[in-house]
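Please look at the sequence and the fold side by side before reading on. The paragraphs below are meant to be followed with the coordinates open.

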Amino acid sequence: MGVVLLNKHELIDRVEGYFKYVDNGNISKLLTYLTPNCTISVVTSNITHKGRDTDIKKMFERRLLSTEQAWHGNFKHLADTKLGWVTSRFDVHRTNSEGKYREMDNINFFEFETEKICRISIWMSGENSLI
């Protein structure tokens with residue numbers, strides 16, 4: 001990891017901004033929060049996606065097709081500016097494309113490089129929409 005150029009509030013704002021674009025389906029804006037070599041791992045499903053403009057972009061495109069509506073909120077964050085990470089626990093309300101509604105309690109661990117997210121590790125309490 002490189003030097004992190006953000007303070008605690010900026011790190012948390014980046015994380016919440018990322019989720020804003022996950023929820024509204026703006027994939028192109030969401031990808032601007034990630035480094036080109038970013039890795040997203042869904043630990044609870046043993047799945048890893050590597051590369052912002054390849055695997056990760058395709059993953060979010062598939063998620064958009066399978067998700068009618070999503071909300072991530074009620075965040076509880078811990079941030080370390082020296083090491084460049086944020087861990088977040090939050091609620092998820094999701095309706096899939098077949099109309100099935102679920103509520104989940106998830107935890108993500110975000111690692112930063114300069115001002116962007118370079119790695120996300122995800123623990124989900126319900127079905128994985130990031131296949």
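The model is a predicted one, and its secondary structure amounts to 3 helices and 6 strands. Followed along the sequence, these elements give the pattern α-α-β-β-α-β-β-β-β. The radius of gyration is 14 Å, close to the 14 Å that the globule rule gives for 131 residues, so the protein is as compact as a globular protein of that length. Taken along the principal axes, the C-alpha atoms fill a box of roughly 45 × 30 × 25 Å. Of the 131 residues, 43% count as buried, while the protein exposes about 7100 Å², of which carbon and sulfur atoms supply 49%. Among the contacts between residues at least 6 apart in sequence, 53% join residues that are at least 24 apart.

On one side of the pairing scheme, strand β3 (residues 67–80) and strand β4 (residues 85–96) run antiparallel to each other over 11 bridges, and Ala79 has Val86 in β4 as its bridge partner. The hairpin of β3 and β4 has 4 residues between the strands, and Gly84 in this hairpin takes a positive phi near 75°. Strand β4 also pairs in the antiparallel sense with strand β5 (residues 101–113), again over 11 bridges, with Thr95 standing opposite Tyr101 in β5. These two strands, β4 and β5, form a hairpin with 4 residues between them, and in its turn Gly99 has a positive phi of about 90°.

How many aromatic pairs does a search of the whole structure find? The search finds 9 aromatic pairs. One of them joins Tyr18 and Phe110 in an edge-to-face arrangement, with 5.7 Å from centre to centre and 75° between the planes. This pair links distant parts of the chain, since Tyr18 belongs to helix α1 (residues 8–24) and Phe110 to strand β5, 92 residues apart. Both Tyr18 and Phe110 are buried. Phe19 and Phe90 form another aromatic pair, a tilted one, at 4.7 Å centre to centre and with 55° between the planes. Here too distant parts of the chain are linked, with Phe19 in helix α1 and Phe90 in strand β4, 71 residues apart. Phe19 counts as buried because its relative accessible area is 4%, under the 20% cut-off, and Phe90 is likewise buried, at 1% relative accessibility. Tyr18, Phe19, Phe90 and Phe110 are among the members of one aromatic cluster, which also includes Phe60 and Phe75.

Asn96 lies in strand β4 and is buried, with a relative accessible area of 9%; its side chain reaches the backbone nitrogen of Glu98 at 2.9 Å. Thr44, by contrast, is partly exposed, because its relative accessible area is 44%, a value between the cut-offs of 20% and 50%. Thr44 lies in the loop between β1 (34–42) and β2 (47–50), and, leaving aside residues up to four places away in sequence, Thr44 touches Ile122, Trp123 and Met124. A polar atom of the Thr44 side chain lies 3.2 Å from the backbone nitrogen of Met124. The C-alpha atoms of Thr44 and Ser125 are separated by 8.2 Å, although these two residues are 81 residues apart along the chain.

Note on methods
Residues numbered from 1 in each chain as written. Predicted model: local features only at pLDDT ≥ 70, side-chain atom pairs only at ≥ 80, totals over all residues. Heavy atoms only, no water. Pairing = 2+ DSSP bridges. Buried < 20%, exposed > 50% of the residue type's maximum accessible area, 1.4 Å probe, protein only. Polar contact = N/O pair within 3.5 Å; in protein donor to acceptor, adjacent residues only side chain to side chain. Contact = heavy atoms within 4.5 Å. Rg over C-alpha atoms; globule rule 2.2 N^0.38 Å. Areas by Shrake-Rupley, 256 points an atom, 1.4 Å probe, with all protein chains shown as cover. Phe/Tyr/Trp six-rings, centres within 6.5 Å; stacked < 30°, edge-to-face > 60°.
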